Amino acid sequence: MPAFYLLASLLLLSDATAPPPLMLWVWERPSDLRSLPARAGVAFLASTVTLAAGKAFVTPRFQPLQVKPGTFRMAVVRIEGPVVPVVLTHAQRDRTAAAIVQTARLVNADALQVDFDARLSERAFYSAVLKDVRQALGPRQFLSITALVSWCGAPQTWLNILPVNEVVPMAFEMGSGAAAAETLLRSGGHFPNPRCQAAIGVSTEGLALAKGAYTRRYIFPYGEWTETLLRSVLNTIQ
Amino acid sequence: MKPLVAVLAASILTLALAIACSPSFPKAVFTFARHPDFPRTRYLAGELGILQPTYARSYLVIAYRYLQDHPLSADERQQVREYWKDRQTGQWDNTATDWPGKWEKIRHKVPSAVPHAPNPVTGDRYAYAPPTNDFFLNCADDAYQTAVLTLRERAARFGYQSAALRSWRDAQDMVFHNCDGKTPAIPPPAGQALPPLLRSDRAYQIAAAHFYAGQHNEAVAAFRAIATDASSPWQWIAPYLVVRTLARAAVDGRSKDLAEKAARDLLASRDPRLHAMTTVLLRRVILKQRDEGYFHELSQHGLRQLRSRLAGGTLGLHQSLRRLYPLPFAGSAVRRLERLDSYLPVSRQQLLRPRAGTLAADPQ
């Protein structure tokens with residue numbers, strides 16, 4: 001049965017508009033990326049959903065991001081889980097899904113990404129939210145999620161049945177598994193889970209970890225996207 | 001021996017798989033450096049445990065009170081809980097009144113209110129700006145407050161059940177429809193059947209709808225017309241709203257200069273009802289000049305004040321920043337001051353002197 005869902009998920013991929021091979025994450029900073037070439041797009045934090053006090057608080061983006069017309073724009077919605085693990089409610093699920101859907105509609109981006117470092121106890125909630133989002137936005141919406149590398153450590157995990165087009169393992173700030181993951185990635189290897197093999201996310205200080213064969217690379221900057229940093233990344237990631 | 005080796009090998013393999021598959025921390029966590037153990041309610045009640053000097057200042061303040069044998073009162077403990085909730089949620093709710101919520105309630109007192117749920121992202125307050133891919137505060141709390149108070153007053157005169165008031169409410173709904181930047185909705189002109197007061201209200205609602213819909217030329221013209229209408233209850237504030245519209249519409253140097261001049265001219269008129277709000281508006285206009293050196297100076301000024309005020313134990317800067325910056329930014333202004341300087345790709349050699357009569361005159 002998991003194979004069926006994986007196949008169904010992969011079929012969705014063929015119907016959605018895919019982002020370019022290089023995506024730059026843009027977080028909570030004013031940014032001017034009008035010099036980006038066509039082979040690169042922006043994945044910008046468009047809103048943040050904070051789960052706390054039994055509610056879901058939504059904060060939209062307040063920092064300007066300038067890109068030239070035609071640049072591929074991926075709206076990222078970051079979910080901040082509760083500080084202390086609690087049972088997340090149906091109301092929080094509904095509001096989180098609604099916030100993600102509305103962000104996608106308001107921003108009218110070319111693609112959508114959800115970023116949530118879900119705890120083990122929060123995976124059911126997250127899966128349900130993604131299911132609701134997919135149902136609301138339909139199969140033509142390119143839907144990506146970030147992933148902790150620990151989620152990618154086995155061929156069959158909860159990732160396999162998620163209704164998303166793309167899973168992006170974040171190969172930076174990996175915690176205790178960093179050494180093993182770095183060794184794997186520096187040698188050009190891929191994570192065991194097949195859903196974690198098409199795309200990779202690295203920081204500007206870890207570009208070497210993205211040397212393997214990937215359909216797409218996401219780059220996270222420590223600091224702002226200066227022209228110098230941008231040139232460096234574009235020259236390194238061809 | 002062989003079984004022992006097998007067991008050891010199996011254990012190591014299992015351990016390796018466990019490391020590969022499960023999230024884990026690099027070390028065991030016995031204490032927290034920045035805050036007391038959970039639940040924090042025990043700490044709040046005076047069970048301080050073993051205090052760490054590395055706790056955030058907000059926790060040390062609580063400890064200081066208990067150690068001085070001056071426990072927090074019930075009201076103070078509730079304030080602390082509110083503060084923790086604000087930090088946890090990133091929502092700065094230091095205003096006690098939910099004016100959008102109040103508007104939603106009172107509009108239902110007039111019959112046939114169309115059900116409405118606020119957009120979860122915009123909250124019927126923010127609008128999306130496609131050129132800069134960000135959101136801005138479009139309909140502030142004062143818009144909803146004015147609507148609530150005005151509807152109350154008009155209901156006292158004409159009755160919630162009257163057709164006139166229903167027309168008023170429907171027009172106001174159209175005004176607020178523009179708050180999250182959807183397709184513009186402008187109320188129709190008032191019919192002659194409406195009482196004169198409500199016709200004046202309608203002119204104001206139309207001007208406001210143009211403003212929130214981003215139709216700045218139409219808004220300026222409409223507010224200017226109200227400013228010359230002695231019979232309108234909105235005549236007194238219309239000049240300010242003309243300036244506010246010019247400020248919002250300002251996108252280049254020339255239009256920003258125009259907005260700044262209009263604000264200064266209004267201040268020169270010395271209308272005491274408009275002075276404070278126009279002063280704040282003028283500061284925003286100047287900040288919007290995107291004078292990079294001015295931002296840099298502002299951030300340095302803010303940091304100097306912040307450091308001196310933290311040392312002195314007061315934090316009035318936060319309140320003063322709220323008057324300068326849009327509401328959402330002010331909610332984390334203290335935290336972001338440190339980062340403001342990094343937003344500006346300017347060197348100290350490019351720093352420009354602050355304009356006379358502006359930042360230097362800022363009492364904070």
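Student: How do H2(A) and H3(A) lie relative to each other, parallel or oblique?
Tutor: H2(A) and H3(A) are oblique to each other, as their angle is about 40 degrees and their axes are 9 Å apart. Under 35 degrees counts as roughly parallel, over 145 as roughly antiparallel, 65 to 115 as roughly perpendicular, and the rest as oblique. Axes are lines fitted to C-alpha atoms, for helices over the stretch in contact, with angles from 0 to 180 degrees between N-to-C directions.

Student: What kind of model is this, and how is it numbered?
Tutor: The model is predicted; local features need pLDDT of at least 70, side-chain atom pairs count only at pLDDT 80 or more, and totals for chains, interfaces and linings use all residues. Residues are numbered from 1 along each chain as its sequence is written, chains are lettered from A and ligands numbered from 1 in the order in which they are written, and side-chain values use heavy atoms, leaving out hydrogens and water.

Student: Back to the helices: which residues are they?
Tutor: H2 spans residues 90–107 of chain A and H3 spans residues 123–137 of chain A. Helices (H or I, at least four residues) and strands (E, at least two) are DSSP runs, numbered from the N terminus.

Student: Is the crossing left-handed or right-handed?
Tutor: The crossing of H2(A) and H3(A) is right-handed, that is, the near helix is turned clockwise from the far one by less than a right angle. Residues making the contact (heavy atoms within 4.5 Å) include A:Ile100 and A:Ala104 of H2(A) and A:Phe125 and A:Val129 of H3(A).

Student: New topic: how many disulfides are there over all chains?
Tutor: The count comes to two disulfides, each a pair of cysteine sulfur atoms within 2.5 Å. One joins A:Cys152 to A:Cys196, with S to S 2.1 Å; another joins B:Cys139 to B:Cys179, with S to S 1.9 Å.

Student: What is the handedness of the one in chain B?
Tutor: The torsion about the S-S bond of B:Cys139 and B:Cys179 is about -95 degrees, so that disulfide is left-handed. The two cysteines are 40 residues apart.

Student: Are B:Cys139 and B:Cys179 buried or exposed?
Tutor: Both B:Cys139 and B:Cys179 are buried; buried means under 20% relative accessible area, exposed over 50%, and partly exposed in between (1.4 Å probe, protein chains only).

Student: And what does B:Thr122 contact?
Tutor: Leaving aside neighbours within four places in sequence, B:Thr122 is in contact with A:Leu106, B:Phe135 and B:Asp180. B:Thr122 counts as buried, at 1% relative accessibility.
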